[in-house]
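Here's a quick tour of a structure, with a look at what sits inside and what faces out. Have the model open while you read.

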Amino acid sequence: MRGSFSPKHKVDAVFELKAPYKSELPRLDVKFPILGFLMDSPMSGYDLKRCFRDSVGFFYRASDGSLYPALKTLAERGFVKMKVERTGGRSRKLYAITARGREWFLRTLAEPSPPIFVHDEASVKLYFAHHQPEVGITHIQWMREQCAQLAAFLGRIEDEMPENAASHYRRVVLEMGKRITAFRVDMLAEIAARARSALSSTGGRIVGSKKLAEQH
């Protein structure tokens, strides 16, 4: 029956059948990448903020409001230890990962990850853009500009990344991001052009997707 269709139930069924992970697995929070950075070397809070900003910042954000409470929690659990380092008249808190923290990090690293799910505000607005088709085109253009900026950011990270034992998989992540972003830039340019063409040929109305496809 028409009224009984539920997209949510359909999606849930797909994930239930095909997802190679346990549904009870928690998603990673900021503590995992913190420990990942500390696996390389001891760091201060400022060092960690810089790492988030200059490396994983394009797919994971960490604010001061989440970073320092997470460090406190990690210390309470015995995953990190903190010492005060003094240089001249200045001092800073330096965090180092413990054996217990390394064990937890490596165990979590080996666990399967849940599928990606992002609350994409631009796509939600675009879904309802038939109420103002010209605004929909603007959103597509904004999305394309953001992707282009991200592509440039990833290129800068890749150029500045040193060659070392850790760089292989980090370059893999950058390569995936660059290729996906480049595809999105081209795709959104094509979609924006098709939407503009549809608006101009229908007097400000977007025709159905099947009719639009038939015109191209």
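Which elements do the buried residues of α2 pack against? In this predicted model, they pack against β1 (43-44), α3 (45-54), α4 (64-76), β2 (80-87), β3 (90-97) and α5 (99-110).

**Helix α2**
- Eight of the ten residues of α2 (residues 31-40) are buried, so the rest of the structure largely encloses this helix.
- If you want to pick them out on screen, the buried ones are K31, F32, P33, I34, L35, G36, F37 and L38.

**Helix α5**
- With twelve residues, α5 reaches 17 Å from its first C-alpha to its last, close to the 16 Å expected at 1.5 Å a residue.
- G101, F105 and T108 are the buried residues of α5.
- Those three cover an arc of only 70° around the axis, which puts them on the same side of α5.
- The cover over the buried residues of α5 includes α2 and β3.

**H139 in helix α7**
- H139 is found in α7, the helix made of residues 133-160.
- Is H139 buried or exposed? H139 counts as buried because its relative accessibility is 11%, and the cut-off for buried is under 20%.
- Setting aside neighbours within four places in sequence, H139 is in contact with K125 and L126.

Note on methods. Residues numbered from 1 in each chain as written. Predicted model: local features only at pLDDT ≥ 70, side-chain atom pairs only at ≥ 80, totals over all residues. Heavy atoms only, no water. Buried < 20%, exposed > 50% of the residue type's maximum accessible area, 1.4 Å probe, protein only. Helix = DSSP H or I, 4+ residues; strand = E, 2+ residues; numbered from the N terminus. Contact = heavy atoms within 4.5 Å. Expected span 1.5 Å × (residues − 1). Arc of directions from axis to C-beta.
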